[in-house]
Structure formats: C-alpha cells, structure tokens
Amino acid sequence: MHNGYLSLVLHAHMPYVRHGDRDDRLEERWMYEAMLECYIPLLMVFDKLLSDKIDFRMTMVLSPTLLSMLDDELIATRFRAYLAKTVELAGKEVKHTANNPAEQRIAKMYLEKFRTIALFCSKLDYRLIEGFKRLADSGCLELITCAATHAFLPYVETEEAILAQLRTGMDTHERILGRRPRGIWLPECGYTPGVDRLLREVGLQYFFVDSHTIEHATPQPRRGLLAPLGTMHGVVAFARDDVASQQVWSTFDGYPGDYDYREYYRDIGFDRDMDYIEPYIHPAGIRIHTGLKYHRITGRDVEKQLYEPDWAREKAASHAGHFLYHRERQIEEAVAWMDRKPLVVATYDAELFGHWWYEGPQFLDYLLRKTACDSQIVKLITPSEYLDEYQEQDLGHLPMSTWGRNGYGEVWLNEKNGWLYRHLHQAERDLIEVVTAFYEHKGQEQERDQLASRALKQAGRELMLAQSSDWAFIMDGQTVVEYAVRRTHDHLANMRELLAMVREDRMDTERLTQMETAFPIFPHIDETYYLPKEAHRVNVSHQLVAASKGAEPAGVVLMLAWEFPPNVVGGLGRAVYDLARHLVRQGVAVHVLTRASDWSVAEEVMDGVHVHRLPTYIPAEQEDFLSWVFQLNLAMSDATEQLWKNGVRPDVIHAHDWLVGWAAMEIKERYSLPLVSTIHALEYGRHQGIHTPLQERIHNSERTLAHASDRVIVCSHYMANEVQRLFDIPRAKLRVIHNGVDLAQPPAFDQNRLREELSIGDGPILFFVGRLVQEKGVHLLLEAMARLRYDFGHVTLLIAGKGPMQGQWQQRAEEMGIAERVKFLGFVDDTRRDQLFLLADIAVFPSLYEPFGIVALEAMALGVPILAADTGGLREIVRHGENGATMYAGNPESLTDQLRWLLQDPKKRRQMAQTAQHDVLQHYNWTSLAIQTMEEYRLLGVACLALSEK
Amino acid sequence: MLEKILELRAQSKSIAQIAQECGLTIGQVKYRLQKDRAKVESVSAENRQMSSLASRREENWQLPAFYGRDIVKVMAQSPTVLFVYWEITWPRMRMVASYLQADFRQIQKGLRLYDVTERLFDGQNAHSVRDIYVCEDAHSWYVNDVLPGRTYLIDFGLFEHGRFCPILRSDVVVTPRNTKAAWGEPLVEPASDRSAPAWFENFSSYSLYSKTSK
C-alpha cells in the first residue's frame, strides 16, 4: 500500500514554424532538433518501459501546433532528410576522430544513437503520432491538450477568442490522437479568473497552475499544495510542486548543471573547420548546433573535458534516486496530517529533456522504473486517475498568475512586447465582427458564401498564429526578435487582408490559396467559434433593428434631449415626449437619447419611442452642471455609435436646446446627417440679458448650435424674432412650430368636496400654476388682488407650484392683508392641476417673459377662461376678447382692469373659453404639429419621410 | 511629499492652498510639481523610443498605428503594475476641444485610477483615486505601485483648471493577490448574472452592446 502519489507532467510545445516555401529556415530546424533530441528519445523511453512491462504513469502535453507539425507529411519528410544528414555527419565524425580514441568513442555513441533512432522511426514509418497513440492506449501515458496556438490566455481580450483557442485545440487533439483530452496545460500556466468558466464550457476537467497560485488562493487551501483545488466553475487546478521543480530547473543547483553531464554549448557546428562542417550547417554559412557535442560541463571557468557517457549515466541514475527520495519524504511528512493521499505534481518543459539536458530522458527512465518497481511509498498517477479516485475537491478562488519570471505577466507584457496587444485585441474584435456580419447575411449565393467562409477560416488561423505566446516570449528574451515581430505582423496583416476581402466582397482566390498553403494548420477550423457568445444580446439588438425595419418606418429620427419622462424638470422633457410619440404615430421611428436616472430603466420602448437612458462617467450631483452636461454629450455620441453598429440608421438628428449641442454637432459631422434643433428657451430671455460668464458661455453655445443646425425650430414668432436678433440666423432657417397639448377627457371629480378640502367658500376662483420665479409675475397678481378686495371680497386666488419666490410672495400677501384670500398650494400633480383648472373661474398668467406658455394652452384645452400677459408666446396664443383676455405685461393696473371685466361678465368669459378650446383643437394638437415637424425633415432632403404625406 | 502635493492637486486645490497644507512655500510646491512633470516626460520618452523602434523595424509595415476606435484598455502586468493603452479618436478630441474651448494638444492629459474593489462604481464611490499625468504623444503607460488583490478601472481624461474631465473609461481589471489569504477569508461566489457587473473576471465578452459608457 502506497502513501501518496507522484504525477509527472511534461509540456511539449513548439510554435508553428513550418515554412513550406523553403527548407532552410533556422526556426523550422527547432522542430527537427526537438524531434531528434527530445520527442523521439522520450517516446523511446516510454516505449521501452512498456515493452518491459513496467506499469508507469506519465502525463504529456502535446500542444496543438506541435501536434499539427508532427502530423505533417512535409515535416516528416524533411525530418527524415535531417536525420539522414545527422547520421551521415556522425559517420564522418567517427572517421574524423580516428586518431583520437577518446573522442571517437563519443562519435560512435552518437552514430549508434542516431541509427537506433532512425530504426525506431522507420518502424513507425516516421509517424511519431502512432507511437504516442499506442502509449496512450496502454493507459500509461495520458495525453492532454493546450490552447490551439499557445496563446497567453490572460491577455486575450475576448471570450470568443479564448473559446476558439480552446475548442480548436481540443478538436485538433481529437482529430489527430483519436480522443478528447480531459485536461489542459494553460500556456505558460497563465490563468486568470474566468478562464475556468470557459474551460468548463468546453468540457475540460483540469488544468495546471504554478504553486503560488494555490498558495494565494482564497480561502487558504487546507491541503496546501498536496491536493488539487476546485474552482467555483467546477474545474480542478493542479499545482506544480516547487521543490521538485527547483531540483530539475534551477540554473544554480539543478541536476542538469552537474559537471558530469554533457555540455550544451560546445558543439562541433562551431568547433570544426568550415570546409568540413559546411554541408551540415545553414546554407548561408551560419554556424549552428549540429547536436554533436563532445564535452562534459566539467566545471565553472575551467577547460572543458571530454564527455564520459558512463559517468553521466550513473549521475542520471543517482539523480533519479535523489529525486524519488525527496518525493517520498515529502509524502511521508504530509501523510501524518492529511485526510487523503498526498499528491506531488512535477511539471517540466519537455524540451529540457534531451535537448538542454542531454541525459534527461535517461533520468526519466530511471525515475519511472525506480518509482514503479521499487517505491513502497510513492505511486505514479495521472491527473485523470487522481480525479477518478478523489472526485470532490476543496474549492478556492485563484488569482491571475503564470509560471513565468516573478509569477505574473511581465514576460509577455513589458516594454519590449507591450505594443503587440493593441493590435491583437483589435484583430480579435475585427474578426468577431466580420464573422458575425457574415452569418447574418449569408445564404444568398452558395459559391460566394463558401469562398467567404474559406477566407474567414484562414483569418481565424492567422489570428491564432499571431496570438502564440512564443512571439512575446522571444521579444522578451531578445533572441530571434526579427522573426517574432515578422510572424506577428504578417499573420495580422494577412488577417486584415482576408477580412477586407469578406467585408468588401472582393475575393482574391489566388491570394487566399496562397495563404492557406503557407500556413496549412487546423484544416477543419470552425469559424463559428468566433460568433459572439452571448447570443441573446445579439438578438436584442436584432429585434431593435427589426422593430424599426419591420414596420417600414417613414424615416428614423435620433432625438437628443437632456431630460425625458419620467425625468422631467421643466416643460422640455414633456414637449419632447409628446412630439416623439406623435411622430411614431405618423410612422416615424424615433430613438431618444437622454440622461439616466436611478429609478428608470436604461432601455425601453415608451409608446413606440425607443428611449436610451445613458449613464455618465461622473454623476450629475458631483460636478458642476456644465461638466456633467458635457459628459452626457460624450455618452450620447458613444450611444449613437452603438446604435449605428446595431444597424440603426438615423435620417435626421433632432436636438433640443444647447445642452445637447456638442453631441448633436459631432454626430452631424460624423455621419453627415441633417440637424434640426428646437430652441425651447433662451438664456438671454430667462435672465433678461446676459450677466455672468456662465450665462455668456450658454448664450454662445446656443448661438453655435443655432448656426450649426440646418433648421432651427422655435415655438413662437416671438422666439423666432429673438433668435434672429440675438444670433443673426437667416430667417429662412427658422421655423415656428407651436407646442401642443393633449386633449384628454377632463377628470370627473366632486367640485364641492375640493372646495371644502381647500376650505374655500363658493366665491369665484382665480388660479395660477407655474414655477414661482420672478418672471412669472405672481407679484402683479397679488397687487391686483389687493386692489380688488373691496369690490370682489369673495374672490380666492389659488397659487400652485413652488420656487424661490414663494416665501417672499407669501410674506407680501400677509403685508397686503390679503393672506386669507390667497392660498399657496405648493407642488400639485397633473391630475390635481387639471381639477384646479376646472374649479377655477379664471386662469391667470401674468408672466413677464414666456417663450411659449404651454400651461395657458392646457387651461384653454380644458375650457377654462384665461387671462394672460401680452408677452412672448402668450401674445400669439391669446387674442384679446376672442379666446381670452390679455393684459399689458408687468402692469398691475391693466391686470386689475381685465380681472374686473372678466369677473363681471361670466357669459362672455364662457363664450371666449369655448372659442379657446376650439382654437387648441385646431392649431395646437400634436398630430398636426408632428406633421409640420416631419415636413421640416422632408425639406432637408430626408426622402423617406415623404411617405407620410399620403 | 510629492505624493501629497499631487493628491491635493487632484482635489483641485490651488498652489497656495497646497503650500499652506504642506507647510511649504509656493515656490517649493511649484518646483516639486515641475520636477514631477519632467520625470513623467522622461518616462514617456522611453515609451516613445520603444514605439518608434517597433515601427522602424520594417519598411513595409502594414499594421496601422491606430484603429479609429476609442478605447482605454487596462491589463494587470503584476500584482502592483498595470499596463494601460489607449486611443482617442479625432472626432472625440474635437468634441472635447470644443467643450474646453482650447486646442486639444495643449491640454494636460492624464489617467485617473479608481480603486473600485467590490463596489458598483457610480463615478464617486471609489476607495481611492489617483491621478497620473501623461504627455501628449504617449499612447500607453505602466502604472506602478498599485495594490495587489484590488479591482481598478481607469479614466483617460484631461486636467483643465485643476479639474479632471474624463473622456473615456476602461473596463475593470483585477490585480492578483500575492499573499496568502487571511485566516477565515471566505470563498466568494462569482457573479451569476453576468450582464452586471461582469467585473470580477478579467476579460469581457464581445457584444454588440459593448460597455462604452458603463
């Protein structure tokens, strides 16, 4: 009975360095060196163990790029030639060293080794894959996968691209090796929270992390590094053991540095005469490693001595014993406190074994034999077997981490390679976008679709190849930087070229074939892996587009308004809402961009109007108003871009007031759209002039917007004159379109009860409603009340609304001794306001400044007799003696006279009220105002809006 | 001391106010700010060198320097270092310039780093805020001395009249913790509703509603 487990994991990876066009690429040679020195010797070790019936366990990662190259005919053919050449060189060496028996012994060793390898390969018909498959079938070797091109996943931008890496990797594994892998080696052990969710999604059960990843997990793992940890998304993380790693990896005291081991850096490729070695190095005469090395490490700063194979073999055996001894101690210590068999996971780069550490495969051979046959304490196990035995793991949250220098991302992200990510991220987004667009629109022409699909597949290959972490790694190490930069650049440039072909529907089949031939990796790549993952989000946006397309709208209007129901401070929001929904009734699609608030949803359709409520970077309360307004404009401009991406194509922009001016002008410029602005009120009018820098700023913003607009709509002729006068706008650009009111049914209610509730008798009632600001002229009304108090003592004045003047006016009423007959009601809602209108005998609007005067219209719509000052827009609404009475603005005497007249003649005032109601119906109903507005759009050349004329 | 000065500066304090708070003369405060500015510029000169190296490498370089897309992207290089790259498109600059009534190139650019760990950020509830000045031609930056195990986001923006005007916001990034969890620290479930906020996982799903204004 064993006390614990040891899991040995080798990570074999090679970037895709196949260069079909030429056979002298040094980078491609990496592959042949690794095959000759690592992969085949390792395979031979495992194969021998198997034939010796040793029940060992080993786990090996074959990265999908490596696997693809191992499976490649051309690579196999070229390797064969490489091997033959190496055998030839070894043979020549035996002759060359004839007069140096010590050296010749080594030459003979190589010759024998290479011949054995050649024999082994020819038995497999140079298909190493078959060798790996046979071992996997035996159950002794577990093969797992890696991200398709060894992309460093924490720095991949989108989930789609990560999933494509994972899925393509698994597909390749299954296609070539015949089975789905259960586990994955995350490239560079690069983990970041969320990767686990995607691993789960593609059906992978486990992965590997570095030891500090588990050490810094939350909560603290109870079993430390001696058991794997589950993540919240149900995948299992195995931690590589630090001590086991150090013993093999360490550049100071790791095994490979032993003085008896072969020296890597003394190679005959550099030592022999040029004439002699020329056929075996790079054709351009560049000296390279040939793999034939005659010396041992010997020591630091000493003359290198000749290699002694027997010494080295003994060292390998003793290092294997040492390694096992320490694992046994580790396990014995842990057994005392652990509730299950401890597991030590030792992971290494496969290329260390045989290439850098020539004796590595021997070491592994001894280690596997010793452990499998002799150890009473440690048993070899694969991760899958472990998970079959222990199905439940403790759970933990793992931090982002890697096995690279200092444990995080600095190898792949620093001053030497940081520039890559801007391009790689954009490439991901571009590919996703084009694939999405293609799958939305395909199905028209089969042949064209097939070609486009081919191009997208190749685009996927190019992106993945560019994503290989190897390039960033090379740039960090400053080795073959030119090559790494070239590769990244070329793959990205190819991808962009392919996407342009698909986007613009101009296929260059020859070029496409050329790219496919150059990089024939992943033949069955599935480009739909790049379709946006959250399909429902896409659907939402499609519905949005469909909604506006389905009904064949008579044009699309993009409305910008800083306030909109339910966020309404003044009359603007209300007016925009009424206009928008009446445009919708006329068949126009309307998108309103407005501010967000805590208590309304971000996106909704209100009476057919698409409302987009936009959050800002800084909340409204925090900064001064102007900064916030600008932030809202930024958000509007971003939202427009999003709408555009989602397929919404506005025909015209309709801006309301200066507050949305920056966005309106920007959108106009960007999309070349006509801009209509409605100026609801002017800063100049609000303050009877411009007095402060802020007012000046706003005034200028109004001017700029007015000038930038193709049409300026105002609500009254009075406003038209003001705008023309203040901003010097050509009259032709100005249009007067009134505001409207809705002719709703007057609310039914008990008048007597309301009178009781307000404790007012049965005398006549005057009613004012509006914001209590100076310009509304309520003080005039108070003065008139004082003058009328003897003749009309039973009259009551009701004042609804709130504002800064309330206190002052209340006090004034007290001073005048009319407090009893004047009631300040505060804010009233719409229903109560309508009831008060109906209760009133006269509605009074003694404004000093009133751009339009929508309340007056609302009173008129309800059939209430009105008295209004002859100012601004009011003057245009009320015709004295016909549909109401007017007074000289600011003149209390005039106000008193008119009130007296109206109070004395109930019949006349009812008659005028009826005329007024009729007028409203005729001129101020939203249907006709919406049609007038559409006419303005049409005059700006918004062609499709002409439909509504019918 | 410089830290404190920069912090007060970020709070829109005047030089005189800062001098009083720090017990320095106005001249001393100005000198320290100037020195910091110079330091910032030398760092970015290094950056510049790197990027020109990349573009000089090949004569037939086909990748655009910029993509016409407004973006601020933050990546965690290590528990204490963030990498930020950005692109502000010309139309956006134009809009900002028209708001500030100034030449965009003349305005001091910078990054504002917010620690939004376990917060649904609303623009003003960050645990801490730090400003970093960057120079005109920088397009990426390494932000040093951030804290491990925190959630950050970054605004790219302009400093004008002592006030920061954000023009683009990044998604969040989580720095890895580099110490053992405290005794009893609980397991936190990942957010199940990923539409809001998908913030505790380091990458985001591409979507047609990308989070430009979140």
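Me: Across which strands of chain A does helix α31 (residues 854–861) lie, and at about what angle does α31 run to β21(A)?
Reply: The model is predicted. Helix α31 of chain A lies across β18, β21 and β22 (866–869) of chain A. Against β21(A), the angle is about 170°.

Me: Which are the edge strands of the open sheet of six strands in chain A?
Reply: The strand order is β20-β19-β18-β21-β22-β23, with parallel pairing. An edge strand here pairs on one side only. That applies to β20 (822–826) and β23 (885–887) of chain A.

Me: What is the average twist from one strand to the next?
Reply: The sheet is open and has six strands. From each strand to the next, its twist averages 25°.

Me: What is the bridge partner of A:I799 in β20(A)?
Reply: Strand β19 (residues 796–800) of chain A runs parallel to β20(A), and four bridges join them. In β20(A), A:I799 is partnered by A:F824.

Me: At about what angle does helix α28 (residues 778–788) of chain A run to β19(A)?
Reply: Helix α28 lies across β18 (765–769), β19, β20, β21 (842–845) and β23 of chain A. Relative to β19(A), helix α28 runs at about 165°.

Me: How many residues of strand β3 (residues 108–115) of chain B are buried?
Reply: Buried means under 20% relative accessible area. On one side, B:Q108, B:G110, B:R112 and B:Y114 are buried. On the other, B:K109, B:L111, B:L113 and B:D115 are buried. The count is eight of eight.

Me: Which residue of β6(B) is the bridge partner of B:R112?
Reply: β3(B) and β6 (residues 151–160) of chain B pair in the antiparallel sense over eight bridges. Within β6(B), the partner of B:R112 is B:D155.

Technical notes: Residues are numbered from 1 along each chain as its sequence is written. Chains are lettered from A and ligands numbered from 1 in the order in which they are written. This is a predicted model: local features need pLDDT of at least 70, side-chain atom pairs count only at pLDDT 80 or more; totals for chains, interfaces and linings use all residues. Side-chain values use heavy atoms; hydrogens and water are left out. Two strands pair if DSSP finds at least two bridges between them. Helices (H or I, at least four residues) and strands (E, at least two) are DSSP runs, numbered from the N terminus. Axes are lines fitted to C-alpha atoms, for helices over the stretch in contact, and angles run from 0 to 180 degrees between N-to-C directions. Contact means heavy atoms within 4.5 Å. Buried means under 20% relative accessible area, exposed over 50%, partly exposed in between (1.4 Å probe, protein chains only).
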